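Please read it alongside the sequence and structure shown here.

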Amino acid sequence: MAHLAAPAAPSSKTLPADGMSRWRQIVPFSPVSREKFRQLVNAGKAPPAIRLSERCTCYSNRELHKFFADPLNYVAEVK
């Protein structure tokens, strides 16, 4: 008898307005690759990464919505 894998959880068609998201949750909405996004973050032209642990990096959904609305003119807030 073959073992059947559980069906994958359905992916969200929209990015939540609040909260935080990891890259794999952002990728369907991103106009650029992961490396280009990282370069934009380092240049202050994309929302800054928030390190929750050594291996967990998230981004603010509110800032991501601002970035996706106008990626060419987005400027990260300096805190």
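Leu52 is exposed, because its relative accessible area of 55% lies over the 50% cut-off. The model is a predicted one. Leu52 belongs to strand E2, which covers residues 50-53. Together with Met20 and Ile50, Leu52 forms a nonpolar patch on the surface, and the accessible area of this patch is about 260 Å² in total.

**Overall fold**

The protein chain contains 3 helices and 3 strands, arranged along the sequence in the order β-α-α-β-β-α. Of its 79 residues, 24% are buried.

**The largest pocket**

The largest pocket holds about 260 Å³ of space. Two or more lining residues come from each of helix H1 (23-26), helix H2 (34-42) and strand E3 (56-60). Helix H2 provides the largest share of the lining, with 4 residues. Which classes of residue line the largest pocket? The lining has 8 charged, 3 nonpolar and 1 polar residues. Among the lining residues are Arg22, Trp23, Arg34, Glu35, Phe37, Arg38, Thr57 and Tyr59.

**Salt bridges**

The whole structure has 4 salt bridges.

| Pair | N to O distance |
|---|---|
| Asp18 and Arg62 | 2.6 Å |
| Glu35 and Arg38 | 2.6 Å |
| Glu77 and Lys66 | 3.6 Å |

Asp18 and Arg62 form a salt bridge that links distant parts of the chain: Asp18 is in the segment before strand E1 (20-21), while Arg62 is in helix H3 (residues 61-69), 44 residues apart. Asp18 counts as partly exposed at 45% relative accessibility, whereas Arg62 counts as exposed at 52%.

Glu35 and Arg38 are both in helix H2, with a separation of 3 residues, or about one turn of the helix. Glu35 is partly exposed, with a relative accessible area of 39%, and Arg38 is partly exposed at 41%.

Lys66 is partly exposed, its relative accessible area being 45%.

**A further residue of helix H2**

Lys36 also lies in helix H2 and counts as partly exposed at 39% relative accessibility. Lys36 and Ala46 are separated by 10 residues in sequence and by 10.0 Å in space, C-alpha to C-alpha.

Note on methods. Residues numbered from 1 in each chain as written. Predicted model: local features only at pLDDT ≥ 70, side-chain atom pairs only at ≥ 80, totals over all residues. Heavy atoms only, no water. Patch = residues over 30% accessible without salt bridge, like charges linked within 9 Å, V, L, I, M, F, W, Y side chains within 5 Å. Areas by Shrake-Rupley, 256 points an atom, 1.4 Å probe, with all protein chains shown as cover. Salt bridge = Lys/Arg side-chain N within 4 Å of Asp/Glu carboxyl O. Buried < 20%, exposed > 50% of the residue type's maximum accessible area, 1.4 Å probe, protein only. 1 Å grid on protein atoms, 1.4 Å probe; cavity = no way out; pocket = protein on both sides within 12 Å on 5 of 7 lines; lining within 4 Å. Points joined across faces, edges and corners; volume = space filled by probe spheres on them. Nonpolar A, V, L, I, M, F, W, Y, C, P; charged D, E, K, R; others polar.
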